[in-house]
Amino acid sequence: MTPHSSPIVIIGGGHAGAQLCGALAEAGLGAQVHLVCEETPLPYHRPPLSKAYLKNPAETVQLHRAEAWYADAGITLHRGDAAVALDRAQHTVRLASGTVLPYAQLVLATGARARGLHGLPDGLANVAVLRNAADAERLRSQIGAAERITVLGGGFIGLEIAGTARALGKPVTVLESAPRLLGRSVSADIGDHVLQTHRAAGIDVRLGVAVGGFEVDAGRLQALHVDGERKTVDLQVLGIGAMPEETLARNAGLDCANGIVVDSLLRSSDPDILAIGDCCSFPLAGGDRHLRLESVQNANDQARTAAATLQGKEQPYAALPWFWSEQGALRLQMAGLMPAEGTRHRRPGATPASFSVLHYVGERLVCVESVNAPMDHLMSRKLLEAGKSPAPAAACDAATPLKSFV
Ligand code: FAD
């Protein structure tokens, strides 16, 4: 098969799928592309759903592109029609509507699904998750009507929802089983700062709690059993993480291990099928370790790598990971991956509520976490991309802008 013989089918119209459409259209391949979307809206941005969208009833979803753009690029959209089966031998995808699409090359950009609480029935009127626009619309009206909100899980999405609900004046409790917030993602310095900030804003954050059970009646979650005590529930938000959407890949016999396993060109165990974004487990540049990232940066940059692979160009994925989160008055930004071991150095910011934590392995700068310090974040990305490592003492001198080391 020639590298770009038609057609190219992309499954999933999220960040990665939308970005890949852009890259393929730029390469003049739009007319070969079919974008299969389980959701009915045109591809839209997810980050605002837990931020501006939740806060303001007048806010609408932010589209990546207008419908006319896809038409002009020659891209065929299949909206509100999920892919339900792959036939790798026939090179076809079957959609829920019964449509069968042939493909020369296929890209899985199926994202991730919100994790549910084990044993809790679906569809309870006062239980919410947040993954897509429909969830956000429902949650916005639930928050508006709620007297108090309990968020299970002190991860990014749970804390963003907690911060937004608190800013709307609602009493909010966050229940986290780990001894600190954001334990898997940020350093203890940042986790502690986030905890203090949320508590100062009036959020009741409880750490190290165990949810032992729950009571369901009349289609509602009535109570949670927390550390052996019965706590009645008004609105319950589940912010306990997401799982890669790999059902199609698994059913088609592709290798999956916490994500669809891909190589550095983002090819799955079937070279005619790629996987990108939240759904894939990719090798970290220069090593064998695989990881899965849930971030806009990763979805966008992997889409660009996939576009190159689809055109027969070998451009291994090696982008610098970066991430942001907005939680009430906090703007957290990370560049690079936090190392398991190393040294940490604090760089003060312009105000006590603004600082960065620089992580070194030996003398090498590998990661920078910034709180309300967007310029430090931008400059850190430049430093890390250029492989530059200013000495910690110099880099942590607040009077010297990080820009001077770039
Ligand atoms: P998604 O954007 O999730 O898109 C996957 C799409 O595939 C979905 O539309 C899904 O319906 C569709 N799909 C799945 N299965 C099928 C099928 N069988 N057939 C057809 N379609 C299918 N990241 C940041 O960096 N910063 C942030 O501040 C931030 N905030 C976030 C806030 C929220 C509320 C959420 C949910 C995520 C946030 N993220 C943030 C993460 C970021 O949005 C994701 O990493 C990014 O959307 C991943 O893109 P994706 O295309 O891989 O997956």
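**Entry 1: helix α5**

I started with α5, where Phe156, Gly158, Leu159, Glu160, Ile161, Ala162, Gly163, Thr164 and Ala165 are buried. By "buried" I mean under 20% relative accessible area, with exposed over 50% and partly exposed in between (1.4 Å probe, protein chains only). Helices here are DSSP runs of H or I with at least four residues, strands are runs of E with at least two, and both are numbered from the N terminus.

A note to myself on the source: this is a predicted model, in which local features need pLDDT of at least 70 and side-chain atom pairs count only at pLDDT 80 or more, while totals for chains, interfaces and linings use all residues. Residues are numbered from 1 along each chain as its sequence is written, and side-chain values use heavy atoms, with hydrogens and water left out.

Back to α5: 9 of its 12 residues are buried, so the helix is largely enclosed by the rest of the structure. It covers residues 156-167 and reaches 16 Å from its first C-alpha to its last, close to the 16 Å expected at 1.5 Å a residue. That expected span is 1.5 Å times one less than the number of residues. After α5 comes Gly169, with a positive phi near 90°.

**Entry 2: helix α4**

Next I looked up α4 (residues 133-145), which has 13 residues and reaches 19 Å from first C-alpha to last, close to the 18 Å expected. Its buried residues are Ala133, Asp135, Ala136, Leu139, Arg140, Gln142 and Ile143. What do they pack against? I found α2 (52-55), β9 (127-128), β10 (149-152), α5 and β16 (235-238), with contact taken as heavy atoms within 4.5 Å.

Arg140 turned up again: its charged end sits over the ring of Tyr53, 3.8 Å from the centre. My test for this is NZ of Lys or CZ of Arg within 6 Å of the ring centre and within 35 degrees of the ring normal.

**Entry 3: aromatic rings**

I searched the whole structure for aromatic pairs and got 4. Trp69 and Tyr70 make an edge-to-face pair, because their ring centres are 5.0 Å apart and their planes stand at 90°. For the record, rings of Phe, Tyr and Trp (its six-membered ring) pair if their centres lie within 6.5 Å; planes under 30 degrees apart are stacked, over 60 edge-to-face, the rest tilted. Tyr70 is buried at 1% relative accessibility, whereas Trp69 is partly exposed at 26%. Arg65 lies over the face of Trp69, 4.2 Å from the ring centre.

I also noted Trp322 and Trp324, a tilted pair with 6.3 Å between centres and 35° between planes. Trp322 is partly exposed, at 23%.

His91 has a positive phi near 60° and lies in the loop between β4 (83-87) and β5 (92-95). Asn258, in the loop between α7 (247-251) and β18 (260-261), has a positive phi of about 45°. Buried or exposed? His91 is buried at 18% relative accessible area, and Asn258 is exposed at 51%.

**Entry 4: domains**

The assignment, automatic or from a database, gives domain 1 (8-113 + 243-310), domain 2 (116-240) and domain 3 (329-405). I looked at domains 2 and 3, whose C-alpha centres lie 31 Å apart. There, 11 residues of domain 2 contact 12 residues of domain 3. The area buried between them is about 940 Å², with 75% from carbon and sulfur atoms; buried area is the accessible area (1.4 Å probe) that two parts lose on being put together, summed over both. Asp189, Ile190 and His193 supply 51% of what domain 2 buries against domain 3, more than any other three residues.
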